[in-house]
Amino acid sequence: MRVILALILRLLWLVAWTVTFPLQLVRRFKRLPIGTYVVVEIDGPLDELPLSRRWSLQARRRFSLHELGRIVQEMAKDPRTSGLTVIAKSVRGGFAAAASLRNVILRARAAGKQVVVHLPLGGGTKETYFAVAADRLLVGPQALMAPVGVLASKRYVRGALDRVGVVPEVYARGRYKTAAESVERASMSEPQREQLNAVLDGLHRELVHAIRDGRHVDEGRARAIVDDAPYVGGQATAAGLADGVAYEDELRKMLTVEGTVPHVVEGDRYLRARRALHPAALQSLAAIGVIPVHGIIAGAGSPPFRTVAVDEHVMAAVRRARVNPLIRGVILHVDSPGGAALASDRIHRELVRLAAEKPLVASMGNVAASGGYYVAVAAHEIVAQPTTITGSIGVVSARIVLEPLLHRLGVATEVLQRGAHARFLDPFLPLDESGKQAVSREIDSIYDAFVKVVADGRNRPVAEIERLAHGRVWSGADAQANGLVDRLGGFDAALDAVRDRIGAGAKSLRVVVLHAPRRPFSALEASEGDVAHVAFLEPLLNAIAPEAAILALGRERVLAWSPAAASITS
């Protein structure tokens, strides 16, 4: 029934397109002068996935790196275009998204196009990382360029908790599973210091090598450029980091070649013109589906105090992709530090069922750690950027004991229970020794299951995965070297991987983002072929230690959660 409805809608769209065909023809063959520059402006989030074209009151729609990749693809076939200008203003996104933008710039250069990046508002480490990939880098005359490196900072609040009489009880499996150590300890542990130093080394190395290769200097000079930052306007040029300064109204003049100011065209307009004779109604109904797992992974009923990937919603999207014959393959896009162990396992199960029937490739964003990695290992292939933070194979459980604080306030707690472990029902009551042993058994079991899930997904012995586990976080480059990731790249690399697995005709397939249906349907329905409340301390915990807020989810006793990415700034 849905296929028939889709065909009817496509027919109506095709009729409308036919009526406007003369306009489409003019648009497609409107003459662009030789030497035209395509201009793309980035002012907001760096999204890798295709974006919906839904009407919005916003003056500026969000930017998609997938669309920029399509623009570069069209430019490579168009001899009338000689260059690409990227104007990057407010760029929001992590290091992995910056790496994807860098890759697109390099692809444009490989196609023989001159690439100019303009940073009118300046930029920091990640802006420098992608901007130096261009042929020319221009900055605003008074803009600050601050490629000062990368930093990991964590605040340890155990001393403050002791003063007020709040006692954390933390149970973790994995030497590097340090998700709750900022509330458990007064200072950084050596395993945490070791893994964060390794990640920072990798990110800093990527930055230095990008400057070295992009600015054609040796590695020592590239390191000096970082260590001498920040720079204001022309100072960046004098240091060899930029090629010149320009206000936005001067930019076109800066593109002048042999006295000729080139014609410029906006990227959106250029792409619409190039696609004018290829209406969506004539495309194949079949598609490659993209399922996002973004934010904290949690069970249904979790609070919306930050971005959450709810298990029921993700599972519903996965089931729909599995039973829909028009979805030929799936990309799982993961940008998540993990979350609830149970929710991660339930999503993983549905993805395993999907992978048994259709090609499934995982594409990792800025972070795909702990539960984020748990769900990714269901895929036939995992793609990550060198700067992605991943791994963290381990689990943690925590309780916040309030009795000392309440005692100071003159509050007495009387507990009557039936059942040796009835105290599990109140996440703020201290556990006796028997209860602590029960929690330890529980997280031991879940940790062992996590390691086995990874071993099965990566087709490796459990003993090998155990050596890489213990909650250790890895950069994408180190994860690939250790066999936890298959190839390095962004969303486009994952798209190529799933197309290779689909085979003939994959190039013509649409790419569509699959969200949960309005009425999530059950596993029973899908098999038949049819298409926590936050505790009252959450605001306080979120203020003093953001990662502790997730530990206050009373119904989620064991977490596959890694806050390491949140502690790294660039």
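In these legends, buried means a relative accessible area under 20%, exposed means over 50%, and partly exposed lies in between (1.4 Å probe, protein chains only). The model is predicted, so that local features need pLDDT of at least 70 and side-chain atom pairs count only at pLDDT 80 or more, while totals for chains, interfaces and linings use all residues. Residues are numbered from 1 along each chain as its sequence is written, and side-chain values use heavy atoms, with hydrogens and water left out.

**View 1. Salt bridge between E219 and R223 in helix α9.** A salt bridge is a side-chain nitrogen of Lys or Arg within 4 Å of a carboxyl oxygen of Asp or Glu, and for E219 and R223 the closest N and O atoms are 3.3 Å apart. The two residues stand four residues apart in α9 (residues 219-228), and are therefore separated by about one helical turn; helices (H or I, at least four residues) and strands (E, at least two) are DSSP runs, numbered from the N terminus. E219 is partly exposed at 30% relative accessibility, and R223 is partly exposed with a relative accessible area of 34%.

**View 2. Salt bridge between R175 and E194.** The closest N and O atoms of R175 and E194 are 3.9 Å apart. This pair links distant parts of the chain, with R175 in the loop between β8 (167-173) and α7 (181-184) and E194 in helix α8 (residues 190-215), 19 residues apart. E194 is partly exposed, its relative accessible area being 36%.

**View 3. Salt bridge between K126 and E127.** The side chains of K126 and E127 meet at 3.7 Å, N to O. K126 counts as buried at 14% relative accessibility, and E127 counts as buried at 9%.

**View 4. Surroundings of L119 in the largest nonpolar core.** A nonpolar core is a set of buried Ala, Val, Leu, Ile, Met, Phe, Trp, Tyr and Cys residues joined through side-chain atoms within 4.5 Å. Of the 62 residues in this core, L84, L101, I105, V117, L119 and F130 touch the most other members. With contact taken as heavy atoms within 4.5 Å, and neighbours within four places in sequence left aside, L119 is in contact with residues including A88, E127, L137 and M145.

**View 5. Helix α13, a mostly covered helix.** Ten of the 13 residues of α13 are buried, among them D311, V314, R319 and R322.
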